[in-house]
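Try each task before you read its solution.

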Amino acid sequence: MNYTSTRNNQVSVSSAQAIAQGISHDGGLFVPESIPHYDATVLQEMVAMSYQERAVRIFRDYLTDFTEDEIRQCVQQAYTEEKFGGANPAPLALLRNGTAAIHMLELWHGPTSAFKDMALQVLPHLLSQSIQKTCGDQTAVILVATSGDTGKAALEGFRDVPGTQIIVFYPEDGVSPMQKFQMKTQEGGNVCVCGIRGNFDDAQTGVKKIFVNPQLQQTLKEHKLFFSSANSINWGRLLPQIVYYISAYCDLMKNGEIGSDGAEVNIVVPTGNFGNILAAYYAMQMGLPVHRLICASNQNHVLTDFIRTGNYNRNRPFYTTISPSMDILISSNLERLLYHMTGGDCKQVNQYMQDLSQKGQYTVSSELLQNIQSVFYGGSCDDQATKNAIASLYKAEHYLCDTHTGVALEVYNQYIAATGDRGTPTIVVSTASPYKFAASVLDALAVEKADKDEFSMVDELASVTSAPIPAPIAQLKEKKVRFENICNKEDMESFVLQTLHLS
Ligand SMILES: *Cc1c(COP(=O)(O)O)cnc(C)c1O
């Protein structure tokens, strides 16, 4: 199967090329030219499979230029018991919310305790294979600018993957102490991290400048190196996310929670860049029986407004919330949804994207809005409502969730109130361990936390709730700092050259 661009239907590249290249030259995102369809028999077949086998089965249909063996290797290296603390990297926890069952899909059992591991553990292997297929024995230099979570997940994913080297820049004063410590203690022979005297935008701008510097590209080429990125618009990050939706449904069939008669489920996703929920949309297009996709936003509710009115408008204040990974005003992956929902009308997509960059907004046709509303429900809540949701779930079920998942729960309750849909079994996507956001979760539970450092807050949360601390967080305290680099934003380029031994 080949991939085309959301902005130009003439483009047609292999999956290896789509993954190696990351973004299309016209600025569009790569999308599959057709979507494989799974009927009830195929889903039934997958019930008996392990998560890893399900992943291989699904990857095979999208990565047709990979051999089954290559796919198997990528999957097996990524989703190990050791890295995910169990045979199933994406387990479900059953909660009862009155009559309807809520199934928490816990996507945070990986090495960094947040859902980005689900994709970033396998992407490096897919990328490494894709590079071999498309440009021979070159080494990819992955540059990342991070505001926290993505950097650490990328470092863990690329750590010691052959044919890759990774350099992560973060704002010295713009990430949490825990996140900084996670990055500075990163292990691996091909990794490097550096703090920037500046904010996240400075780091991002610096990385972009390096990417487009032709002289630098030439220097790298002479040494069989090239720059690549691991950001969330790469198809190699989206595909692994489709797997856990289908796998969760198979697990529900296996446990007898739903029958094999094609019973529909709701899926609630705490959303930022629209990547995670878009993967659920692909799963639905592949035949997964879904009643509604519920898109949950925090106070930066640009997507809620879009789903309700058809007007996407980024001209609005930006809020810093207790669910920081959803503090986003441009949800890049939405472009793929617009492409599919207009039946592949790239002219229309171009127009919307042009309006977005020139005017900061666009409005979709009423027909497209109707299509969107027939699949998606959008809702949002502020920090206080998020905390209330965490507290009341904990009180009712003794189940602890993080702030991002708290947003999802609150919006699900809004959905029930608005639609009366109490009966449909529902999967709520849980995207981070509560221990990653211990301060806010303690706040939600109204526990006093005067002046404590991150590690004592983790211990405090554990003693109050007796929820197990994920091993990567528990072990972090013992890790040695390996990187103390700090540079000015003007010096990022020379830092890269130095790290690559090119200066
Ligand atoms: C990245 C992230 C999200 C948002 O996911 P998108 O794919 O950007 O919509 C939600 N929760 C957590 C914890 C995240 O790290």
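**Exercise 1.** How many bridges join strand β6 to strand β7, and do the two run parallel or antiparallel?

Solution. This is a predicted model: local features need pLDDT of at least 70, side-chain atom pairs count only at pLDDT 80 or more, and totals for chains, interfaces and linings use all residues. Residues are numbered from 1 along each chain as its sequence is written, and side-chain values use heavy atoms, with hydrogens and water left out.

- Find β6 at residues 139-145 and β7 at residues 164-171. Strands here are DSSP runs (E, at least two residues), numbered from the N terminus.
- Count the bridges: six, and the strands run parallel. Two strands pair if DSSP finds at least two bridges between them.

**Exercise 2.** What is the strand order in the open sheet of five strands?

Solution. 

- Read across: β9-β6-β7-β8-β16, paired in parallel.
- β9 (225-228) and β16 (486-488) each pair on one side only.

**Exercise 3.** Which residues come nearest to the ligand?

Solution. 

- Take the 15 residues around the ligand (a heavy atom within 4 Å). K116, G272, N273, N276 and T431 come nearest.
- Look for polar contacts (N or O atom pairs within 3.5 Å). A backbone N or O atom of N273 lies 2.7 Å from a ligand oxygen. In T431, a side-chain N or O atom is 2.9 Å from a ligand nitrogen.

Key
A polar contact is a pair of N or O atoms within 3.5 Å; within protein, one must be able to donate a hydrogen and the other to accept it, and residues adjacent in sequence count only if both atoms are side-chain atoms. Helices (H or I, at least four residues) and strands (E, at least two) are DSSP runs, numbered from the N terminus.
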